[in-house]
Amino acid sequence: TIMAREVDMFGFINQKNIAVTADGIVEKPAAEIFGFIAPRFFENYAKWCPEVIQIECLSEAPVHQNSRGRQVTSDHGVETESDFEVSEFISNEKFAIAGIHEPFISSYEITPLGPDMCRLAFSFEIKELDIVMRPFQKLIRSALQEGAARTVENIKQLLEHPQPA
């Protein structure tokens, strides 16, 4: 990832964005992984992302490129509402959402490694870190990296060890 940088009045380099990635092996075919993540995103998202306390689809079903949604998340007691759009919907390969008013991109990429095994890569990027948050970049990056790894692990567990309804 190419990152925009600027120097503050004290000569410190400030990155304007933060990007993290995590991946893991999921022992399921690509179509099953994609089917769980993308077409059923509004149904399943809160299952692998416990910070989501509310999610709604603002577009007609089924989920497709340019579908819009709204989510409310709670992180350490702070609730945040954001609207997003499906920015990439490539069957069995990639699904991404991008913030409409907030500068973020969340992406899921599936790479088959065999008939019943794939690499799932999740990436999250904040495109424009608010200036008051820039001094906390390392802390934010660490928390986002931990969340990215947890996302991949949660999806893996949900797919490989489904719980009875």
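This is a predicted model: local features need pLDDT of at least 70, side-chain atom pairs count only at pLDDT 80 or more; totals for chains, interfaces and linings use all residues.
**Aromatic rings**

The structure contains 14 aromatic pairs. In one of them, the ring centres of Phe-36 and Trp-48 lie 5.6 Å apart and the planes meet at 45°, so this pair is classed as tilted. Phe-36 belongs to helix H1 (residues 30-37) and Trp-48 to helix H2 (residues 41-48), and the pair links distant parts of the chain, 12 residues apart. Both Phe-36 and Trp-48 are buried.

Trp-48 also pairs with Tyr-45; here the arrangement is edge-to-face, with 5.6 Å from centre to centre and 70° between the planes. Tyr-45 and Trp-48 are three residues apart in helix H2, so about one helical turn separates them. Tyr-45 has a relative accessible area of 8% and is therefore buried, as buried means under 20%. Trp-48 likewise counts as buried, at 1% relative accessibility.

Ring pairs also build a cluster, whose members include Phe-36, Tyr-45, Trp-48, Phe-84 and Phe-122.

**Salt bridges**

Across the whole structure, 12 salt bridges are found. The table presents three of them.

| Salt bridge | N to O distance |
|---|---|
| Arg-119 and Asp-23 | 3.9 Å |
| Glu-81 and Arg-70 | 3.4 Å |
| Glu-109 and Lys-94 | 3.8 Å |

The bridge between Arg-119 and Asp-23 links distant parts of the chain: Arg-119 is in strand S9 (residues 117-126) and Asp-23 in strand S3 (residues 18-26), 96 residues apart. Arg-119 is partly exposed, with a relative accessible area of 34%, and Asp-23 is partly exposed at 44%.

In the salt bridge of Glu-81 with Arg-70, Glu-81 lies in strand S6 (residues 78-90) and Arg-70 in strand S5, so the pair ties together parts that are 11 residues apart in sequence. Arg-70 is partly exposed, with a relative accessible area of 25%.

The salt bridge of Glu-109 with Lys-94 connects strand S8 (residues 104-114), which holds Glu-109, to strand S7 (residues 94-99), which holds Lys-94; the two residues are 15 residues apart. Glu-109 is partly exposed at 38% relative accessible area, whereas Lys-94 counts as buried at 19%. Elsewhere, salt bridges with shared partners join Glu-56, Arg-70, Glu-81 and Asp-83 into one network.

**Thr-73**

Thr-73 is found in strand S5 (residues 68-75). Its relative accessible area is 19%, and Thr-73 is buried. Leaving aside neighbours within four places in sequence, Thr-73 is in contact with Glu-51, Val-52, Ile-53, Val-78, Glu-79 and Thr-80. The C-alpha atoms of Thr-73 and Ile-55 are separated by 8.7 Å, and these residues are 18 residues apart along the chain.

Methods
Residues are numbered from 1 along each chain as its sequence is written. Side-chain values use heavy atoms; hydrogens and water are left out. Helices (H or I, at least four residues) and strands (E, at least two) are DSSP runs, numbered from the N terminus. Buried means under 20% relative accessible area, exposed over 50%, partly exposed in between (1.4 Å probe, protein chains only). Contact means heavy atoms within 4.5 Å. Rings of Phe, Tyr and Trp (its six-membered ring) pair if their centres lie within 6.5 Å; planes under 30 degrees apart count as stacked, over 60 as edge-to-face and the rest as tilted. A salt bridge is a side-chain nitrogen of Lys or Arg within 4 Å of a carboxyl oxygen of Asp or Glu.
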